[in-house]
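Dear colleague,

Please find below the structure that I am handing over to you. My notes on one helix and the sheet beside which I read it follow.

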Amino acid sequence: SLETRAGEIFGILGPNGAGKTTFLKILAGLILPTAGRALVGGIDVARHDQAVKRSIGFVTSDERSFYWRLTGLENLEFFGRLYGLSAAQARSIGRSLLQVMEMEALADRQFMSYSTGMKQRLAIARALLHDPPVLCLDEPTRSLDPIAAKHLRRFVIERLNRERGKTVLLATHNLQEAEEMCGRLVVLDRGRVLRQGSLAEITAGLPGRDHYILVVSGLGTPPADPRWSVEVERRDGTLARLMAAVDRDGRAFSDLLRGLLEARGTIVSCARREPGLQEVFDMMAPDEERSDP
């Protein structure tokens, strides 16, 4: 089981086939769950699918349902009417959303002339036509170049989440993207929840070592011990920048610091480096492989 909170960006992570898209489609009322229940704002998606659809906007990365010969605004007007808006409402809201998406200059251009990034922004605008409190984004940056992907991520964080208060469910296998955007995460594998929570909660108790970045003055050779590995990343005069990987046994890190001081080094700074999500997957993988029949 998992639960998201109103107003947060919640990451849904996992490799291909983990169940990310299926999960979002169930929440959006596009497919029914074969077991269990899914609730959106306390509403059962299987029993009250129309009410749920009014609460959710769904955006995919492989959008094929726009009409290519219509303009961006005409597409929004068409889909606005399907949401039950009057013609005047659909046009007014469509223009407003194009402005929010910073696409007002493109309103009268045919959809077929849009770049991939423009098409993705128009898909988000369409999902906002009925002003849902929840947005489901299924790998929204998958087909975008790095610059367009960065702009879209910032737009979702700043304009949709912070300014408009939208709850965002983000399905992705881009681990750095989830780390940048999401306060809480769930890791799925073949339809199962492996872990969920903040990055710190997800990584707590995993095998492996803690990683630290230290800047030390006056150090010769770093102390050696089987409980840690220390790499001198660079030297600048008397300063050395060290990358240390330390066993999680409760004493190894304090012993490393003591060893640096005994080697006549002066510790200028020390910071713990949180593991990236790729490292989290790598640490989880052995246990999952052992659980296979």
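Helices (H or I, at least four residues) and strands (E, at least two) are DSSP runs, numbered from the N terminus. This is a predicted model, in which local features need pLDDT of at least 70 and side-chain atom pairs count only at pLDDT 80 or more, while totals for chains, interfaces and linings use all residues. Residues are numbered from 1 along each chain as its sequence is written, and side-chain values use heavy atoms, with hydrogens and water left out.

Helix H9 spans residues 252-262, and its buried residues (under 20% relative accessible area, 1.4 Å probe, protein chains only) are Ala252, Asp255, Leu256, Gly259 and Leu260. Seen down the axis of H9, these residues fall within an arc of 140 degrees (taken from the directions from the helix axis to the C-beta atoms), so they line one face of the helix. Arg264, which follows H9, has a positive phi, near 65 degrees.

The four strands form an open sheet in the order S10-S11-S9-S12, with antiparallel pairing (two strands pair if DSSP finds at least two bridges between them). S10 and S12 stand at the edges with a single partner strand each, so one side of each has no neighbour in the sheet. S9 and S11 are joined by nine bridges, and Val215 has Arg241 in S11 as its bridge partner. H9 packs on this sheet, touching S9, S10, S11 and S12 (contact means heavy atoms within 4.5 Å).

Kind regards

Technical notes:
Buried means under 20% relative accessible area, exposed over 50%, partly exposed in between (1.4 Å probe, protein chains only). Axes are lines fitted to C-alpha atoms, for helices over the stretch in contact, and angles run from 0 to 180 degrees between N-to-C directions.
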